[in-house]
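Trainee: I would like to learn how to read a model like this one. Where do we begin?

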Amino acid sequence: MDQNNRRVIICLVSAALIILTAGIAAAATQDKYALPEPYLAWEKAYLKEFPELQGLMDVMIDTTVKQLKDPEADILHNRVCSALAYEMAKTLNKQERKLAIATDILHNISKEDRGAVLTNPEVLAKATGMVSKLKKAGYFKNSPGFWGDEAVLKNPKVGGNLGLIHHITGAMATGEIAAREKFPAKDVDLMQVAVLEHSTGYWYFRDSVDQAAGRRGAWQAVYPEPENEIAKIAHDADLISQFVYESVVPEGSKWRVLAQKRWKAKDTKEEAHIVYYVFFRLFEEAKTEKGKALARQDWEKIRPELVKLMGLKPNEDPVQVLGVPKIFQ
């Protein structure tokens, strides 16, 4: 082989290695996890518009993998939420769109952090400092009861329950991550407020707080109402993401398993009855017009299937025929 041919081969091998390396470098952390359409297309669109959000995606996935043995479902949920936020925020300006997406990427960042509980005095003190700072900045004016009863926050059934208070500890973590990613201080505040306000739409969270505290309205100390468009989008994206057919209807799906484990359903009919009732009430919680439209669209897909699982006729109302599930009476 002469020297010219040798040079050509070396150049070709080098070019192939460069292409291969570029391909590996371009592979994103989320690529190993499946995401159905249209969410995948929306995610690709927002990462093209805001490539800097890949850093938040990496943090979310890395954190979730460390927190959970089987992280796929939680990663899917967070990605669906952020994709929905992108779709819902199209009428906002560019910076607001970015913040809405960023909020939903991180909104569950502390949900499985076993140490992030308000029964830990240090965590409670840090959370109190965050809320006080945001109140001084003018937030939560529509929620005068928020953070107004420390006894509710310290109650182990509330402050020690990650499901009920992850919006609070998540807001603290979001603030730290966003600051590290060089978000301006004002934007960090907006993201923290949106994370704090995203959980209000879960009526059974509110009921759980009231039951733990032994009085109606105790939930207002824990859940502030969404006040601005970014917070309303974070709220609705989280809500609507629950309506994905595959998470609700099939045997072994997220919500049918919750009906068994959390709400003590004994068979398929009870599972469907409980899930129907939960979603019937969730459906009414959307805060934005886009959110209401998306919720209605998905509700019309899952409602007939749940009615069928209950053994009812298509036109029968499960609440009228079967009543409110015992667990919620």
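Mentor: Begin with burial. Buried means under 20% relative accessible area, exposed over 50%, and partly exposed in between, with a 1.4 Å probe and protein chains only. Now the ground rules. This is a predicted model, where local features need pLDDT of at least 70, side-chain atom pairs count only at pLDDT 80 or more, and totals for chains, interfaces and linings use all residues. Residues are numbered from 1 along each chain as its sequence is written, and side-chain values use heavy atoms, with hydrogens and water left out.

Trainee: Is Trp-147 buried or exposed?

Mentor: Trp-147 counts as buried because its relative accessibility is 14%. Check its backbone too. Phi is near 65°, a positive value in a residue other than glycine. Helices (H or I, at least four residues) and strands (E, at least two) are DSSP runs, numbered from the N terminus. Trp-147 sits in the loop between α6 (121–136) and α7.

Trainee: Which loop holds Lys-264?

Mentor: Lys-264 is in the loop between α14 and α15. Lys-264 has a positive phi of about 65°, although it is not a glycine. Its relative accessibility is 53%, so Lys-264 counts as exposed.

Trainee: What is the peptide bond from Glu-37 to Pro-38, cis or trans?

Mentor: Read omega. That bond is cis, with omega near 5°. Pro-38 belongs to the loop between α1 (3–26) and α2 (39–49).

Trainee: Which residues of helix α11 are buried?

Mentor: Helix α11 covers residues 203–213, and its buried residues are Trp-203, Tyr-204, Phe-205, Arg-206, Val-209 and Asp-210. Next, ask what covers them. Contact means heavy atoms within 4.5 Å. The cover includes α7 (150–154), α8 (156–159), α9 (162–180), α14 (254–261) and α15 (268–282). Just after α11, Gly-214 takes a positive phi of about 75°.

Trainee: How many helices does the protein have?

Mentor: The protein has 17 helices and zero strands. Its C-alpha trace spans about 85 × 55 × 40 Å along the principal axes. Of its 329 residues, 50% are buried. Among contacts with a separation of 6 or more, 73% join residues 24 or more positions apart.

Trainee: How many positive and negative side chains are there?

Mentor: Know the counting first. Lys and Arg count as positive, Asp and Glu as negative; His and the chain ends are not counted. The place of a charge is NZ of Lys, CZ of Arg, CG of Asp or CD of Glu. Here there are 45 positive and 44 negative side chains, and the centres of the two sets lie 1 Å apart.
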